[in-house]
Amino acid sequence: MLATAAAAIALIFLQQAPAEDIDWDAEFGVEERERDPATGEFPVDPYEKSNANAGAEPFANGRLAAAFGGREGIRRIAERTVELSEADPRIAEIFVAHDTVRLKRTLSEQFCYLLGAGCDYTGRDMRATHDGLGIRTADLNALVENLQQAMREAGVPFAAQNRLLSKLAPMSGDVVER
Ligand code: HEM
């Protein structure tokens, strides 16, 4: 009887794969995502693309875009804002595990669209995108400071900086959760 139990236990151990052979991602249900080789971005769940997702109507007059250095200048400012935020100890943690390659592109499209520089916004809407990120007012203030630094570095006149901020400010209700 004892021998049978010992044999059964030995059999159970023998059947288990050594730890190094275990696919831990599969065991814990971790999904493997691969970056698109062309864009460097991770795929996202399907959603309806529309400029309405940008959260505000664009400025009608293209003059403001010129103050930002046109499309190229706007792209650099959006990218710099993301880079500063990823390196900012106040909010860096919120960006970990998110696709900042995509964020740089879509934030740049959003600014370009809002500033009337002739881009379309292809990202998700503000409420859905930020849902569950637990963003606080203090986090929003930190991000705005980083955007202000990026605009200052790019030599955007103060009045023009404030016009972009005035477009973004009403979106805070969709972004801040607590
Ligand atoms: C009015 C203020 C804000 C605007 C206009 C804005 C804009 C955007 C845009 C356009 C996207 C990309 C959507 C997409 O790719 O489909 C995005 C995503 C994201 N934003 Fe914001 N954002 C704001 C505030 C913030 C703040 C305060 C934080 C954190 C401190 C933050 C963290 C993120 C993160 C982590 C993502 C990626 C989400 C994901 O990949 O699922 N955002 N935001």
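This is a predicted model. We can start with a pair of helices: H4 and H8 pack with their axes 8 Å apart, at an angle of about 135°. The two helices are therefore oblique to each other, and H4 passes H8 in a right-handed crossing.

| Helix | Residues in the contact |
|---|---|
| H4 | Ile 77, Arg 80, Thr 81, Leu 84, Ser 85 |
| H8 | Leu 143, Asn 146, Leu 147, Gln 149, Ala 150, Met 151, Glu 153 |

By type, the residues of this contact divide into 6 nonpolar, 4 polar and 2 charged.

Now for the largest nonpolar core, which has 26 residues. Its members that touch the most other members are Ile 74, Ile 77, Phe 111, Cys 112 and Leu 115. At least two core residues come from each of helix H3 (63-67), helix H4 (70-86), helix H6 (100-114) and helix H8 (137-153). H6 gives the largest share, 6 residues.

Ile 74 deserves a visit of its own. This residue sits in helix H4. Is Ile 74 buried or exposed? Ile 74 has 26 other C-beta atoms within 10 Å, and 20 or more make a residue buried, so Ile 74 is buried. Leaving aside neighbours within four places in sequence, its contacts are Ala 65, Phe 68, Gly 69, Ser 108, Phe 111, Cys 112, Leu 115 and Ala 117.

Methods:
Residues are numbered from 1 along each chain as its sequence is written. This is a predicted model: local features need pLDDT of at least 70, side-chain atom pairs count only at pLDDT 80 or more; totals for chains, interfaces and linings use all residues. A nonpolar core is a set of buried Ala, Val, Leu, Ile, Met, Phe, Trp, Tyr and Cys residues joined through C-beta atoms within 7 Å. A residue is buried if 20 or more other C-beta atoms lie within 10 Å of its own, exposed if 12 or fewer, and partly exposed in between; C-beta atoms are placed from the backbone. Helices (H or I, at least four residues) and strands (E, at least two) are DSSP runs, numbered from the N terminus. Two residues are in contact if their C-beta atoms, placed from the backbone, lie within 7 Å. Axes are lines fitted to C-alpha atoms, for helices over the stretch in contact, and angles run from 0 to 180 degrees between N-to-C directions. Angles under 35 degrees count as roughly parallel, over 145 as roughly antiparallel, 65 to 115 as roughly perpendicular and the rest as oblique. A crossing is left-handed if the near helix is turned anticlockwise from the far one by less than a right angle, and right-handed if clockwise. Ala, Val, Leu, Ile, Met, Phe, Trp, Tyr, Cys and Pro count as nonpolar, Asp, Glu, Lys and Arg as charged, and the others, Gly among them, as polar.
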